[in-house]
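Dear colleague,

I am passing on the structure below, followed by notes on what was found in it. Please read the notes with the coordinates open beside them.

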Amino acid sequence: MTDAGQPDLTGLYGEFLDESRELLDAVARDLVLLEQRPDDRDVLHRVFRAAHSLKGNAGFMGMETLATLAHSMENVLGRVRDGSLASGPDLLDLLLRGLDACRMLLASAAPGQPGGDAGRLTAELESLLARFEALHAGAGEAAAAPAAGWSRGAPDDPAVAAGAEPAPADRAAADGRRGRDGDTIRVSTARLDRLVNLVGELMASRSQLASLSRRTHHRELEDVAAGLSRLADQLQGEVLSIRMVPIRTLFQKFHRLVRDTAREAGKPVVLELEGEATELDKAIVEAVHDPVVHLVRNAIGHGIEPAEARAAAGKPATGRVRLAARHAQDHVVIEVSDDGRGIDEASVRRRAAERGLLSAADAEAPLTPEAVRRLIFSPGFSTADRVDRISGRGVGLDVVRTAVEGLGGTVELATQVGQGTTFTLRVPLTLAMIQIFLVRVAGRLYGLPLTYVEETIRVAPREFQIVGHQRVHLLRGQAIPVMPLALPLGAPESGALPDTAPVPVVVVRHGDRRVGFLVDEVCGKDKTVLKALGPYLARLPQPVRGIAGASLLGSGELVLIADVLGLLALAGDMAAA
Amino acid sequence: MSRKILIAEDSPATQKFISFTLKYKGHDVTIASDGIEALEKLPQAQYDLLILDIMMPRMNGLEVLREIKKRPETSALPVIMLTSEKGEADRQTALSLGARFFLNKPFQPDQLLEAIDQVFA
C-alpha cells in the first residue's frame, strides 16, 4: 500500500511493460505493412492508436522520456493520418528507429517496479525527437531523410547490430500467453521444466507398475495400472503442450528484418510466410531464432540478385524470401528459401580452393551436390574477409549448422542455379522429450536419437565386403562403412560375428554420411526425458565417449543416449586409422 | 458506498489498473474493450458510472458519448472521460457533447478515486 486507503499497484507494472512491448511489436508490423499498403486506413488508425496507448502506458509507468517519444511519434502519425504528411520509406525508417529507441527505453526499466527512465535522453533520442518535432510542425517527408553527419544505425550500436530485437528475456515475457481479463497466469520456464521432469519420472513409475501388475496377474491391480497409464499419458501430453507456441512469434519478426535488410541492400524483396500456426517448443523457437535470421540475411545479401540482374534473367524485379514451417512426424521442418541466383558449384569450388578447404587437384573436377553442401557448411568457408553488414560479420553457415545440430536437428540445402536456394531445418518438436531408438550392445541398453536413424537391416556378416581395412555393406548400390557400435563407444565387443546368421545393423545418417552400426539386439522405440549425464557418470566403467546423456526407461532400466554426431566422428577416425 | 461502474478502455493493462483500484474500494466493475462493446453492455445492467477512454478501436469514446446522450435511458448517466494531457481538441468536443468530468492519463489511483467522489458529491 502506498498510503492509507490506496491499493498497491506496483504488481501491475509488469502488465504495462508487457503490453508496451506488444504494442511496439504491433506498430513495427503495421509500419512495414503500411509501406506495402500506404492507403490502408485501418492500419494507419491502428498504428496511431498503438502509439497513443504506448504513451499512456509510459505515463502509468512513470517513464517520461518514453512518453515524450511516443507522443512525438503519435503527432507525426496524426499528420500522416489526416493527410497533411505523406508517408514514404524515409519517414518509415525514422519511425522504426523511434520504435527501436522506445524498445531500449523499455529495456532500461527496472524489472518489476516503476522507476522511470530519466537520464536516458541520449544524443540519438534528442535527434529523433527534434526530427519528429520538425515533422509535426509542418516539414515534409524530406525532413525525415538522413542529414549529413547523422549516423544511420551505426553498426557497433548493439541494439542495431542485434536487429533491434529485444533481449531473449524480454522476448520471453512478450511471447507469454496473456488473456484480456487476467484469466491466465505466467509461469517461469524453469518451473515448467521441473514439471516435465516430474512427469517423466511418473511415466517411469507407471511402466514399472504396469509390468509388476502383469507379472503378478493381479486383475484389479492391472485395471488400476491401466487407468493410471492413461492418465499419465494425458498428463504428459498436457504438460508438454504448455511449452508449445506457434512459430508465428518467430516469423512475425521477419517482416521488419526483411524490410530493413532489403532496403539496405537496395533490392526489392517481399517476405512470404507459411505455416505460422505450426506449434513447437518455446525453447526451440528461441534457439532457431539466430540461425533463421542468419539464413534470411544470407538470402537477401547473397541469394537475391539486384533488380537489374533479375530483369535481365527474365525474373520479376522483386525478390521473394519465403519462411515456411510444418510438422513432419515428430519434427518440425522450417524452410528458408529464396528465388535468387542459387549456389553455383564452380564458385563454391573456387572459394573452397582459395580458403584451402580443397586441394588444387580436387578443385579441378566438378563437385557433387553433397560435397557442395559439406563445403558450404564447413567452418572457414564463408568467413568473410570484409565485414559484411547484411550477411553477418565473418560468421559462416557452419554456425547455423552447429546451432541446429546442437538441438538434435539437421540442416539440408537444395539449390538450383538461377532458380534459388532452400535451406531446410529439421528440429525436434520439443527439447523436453526425445525419441530414441533402443539397441543393446554387450548387455547394455543404448538409445540413438531417432532423428539420425535411417533404417535397420539384417545382414549376414559374410555378405560384408572389405575395402581397405573397413567392412562395408552395399545398400541399394551405395557402399556404407559398417562397424560394431561397441567400437566407438569403447564397450567390450561381443565375441566373433556369426558368419551366416543375419545380424542387426542400424543405419545412421547425418547429411551425406552414413554408417551402419552392428548391434546385438534392436529393442524398439521409446520417448524419454534426457538427463544430463552427471549423476550417472560415476557408474560407468569406461570413460564416456559418444554419449550425450542418460535416461531411465519405464522398466527402470538405465539407457545411455548416444551422441550420434560424436559417434560418426569417432567412427570416421577409426575407419581412417 | 459501492457503485456499479462500466469501464470502456482498450488497453488490458489500463483496464486492470482501473478495475483493481475500483474493486479495492468495493465498487462493482464491468469491462468493455471498445466503444461498441460498451454500448452493448450499458443496457444489460443499471450502471452508476461510465469511465470512458477516448481512443479505442471500432468506435471511439466521443462517438460513444454522442450515442449515450442521444438515448433517453442513458442520457443522464455520469461519464468520466479519460483524456490525454495534449488532447485539448478532444476535450472541447466532449464538453460540447455534454461531458462534465475529465481525467488525464496517466493518473494515480487517488486521482481516479477523487474524480469518482466529485461525480457523486
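**Notes on the model**

The phi of A442(A) is near 50°, which is a positive value in a residue other than glycine. A442(A) is partly exposed, with 15 other C-beta atoms within 10 Å; on this scale a residue is buried if 20 or more other C-beta atoms lie within 10 Å of its own, exposed if 12 or fewer, and partly exposed in between, with C-beta atoms placed from the backbone.

This is a predicted model, in which local features need pLDDT of at least 70 and side-chain atom pairs count only at pLDDT 80 or more, while totals for chains, interfaces and linings use all residues. Residues are numbered from 1 along each chain as its sequence is written, and chains are lettered from A and ligands numbered from 1 in the order in which they are written.

The model scores ipTM 0.79 and pTM 0.57. For chain B the mean pLDDT (the predictor's confidence in each residue, from 0 to 100) is 90, and 100% of the residues of chain B reach 70 or more. Within chain B, confidence is lowest in helix α4 (residues 88-96), at a mean of 87, and highest in strand β1 (residues 4-8), at 96.

Chain B has 5 helices and 5 strands, and from the N terminus on its elements follow the order β-α-β-α-β-α-β-α-β-α. Of its 121 residues, 40% count as buried. Among the contacts in chain B with a separation of 6 or more, 59% are between residues 24 or more positions apart, two residues being in contact if their C-beta atoms, placed from the backbone, lie within 7 Å.

Two backbone details in chain B deserve a look. The peptide bond from K105(B) to P106(B) is cis, with omega near -5°, and P106(B) is found in the loop between β5 (101-105) and α5 (109-119) of chain B. R58(B), in the loop between β3 (49-53) and α3 (61-70) of chain B, has a phi near 65°, again a positive value in a residue other than glycine, and R58(B) is exposed, with 12 other C-beta atoms within 10 Å. As background, most residues other than glycine have a negative phi, and most peptide bonds are trans.

As for the interface, 19 residues of chain A are in contact with 19 residues of chain B. On the side of chain A that touches chain B, the elements giving two or more residues are α1 (13-36) and α2 (41-61) of chain A, and the largest share, 8 residues, comes from α2(A). The residues of that side divide into 5 nonpolar, 8 polar and 6 charged, with Ala, Val, Leu, Ile, Met, Phe, Trp, Tyr, Cys and Pro counted as nonpolar, Asp, Glu, Lys and Arg as charged, and the others, Gly among them, as polar.

Within chain A, α2(A) also packs with helix α3 (residues 64-81) of chain A, at an angle of about 160° and with their axes 8 Å apart. α2(A) and α3(A) are therefore roughly antiparallel to each other, a term for angles over 145 degrees.

With best regards

Technical notes:
Helix = DSSP H or I, 4+ residues; strand = E, 2+ residues; numbered from the N terminus. Axes fitted to C-alpha atoms, helices over the stretch in contact; angles between N-to-C directions. Parallel < 35°, antiparallel > 145°, perpendicular 65-115°, else oblique.
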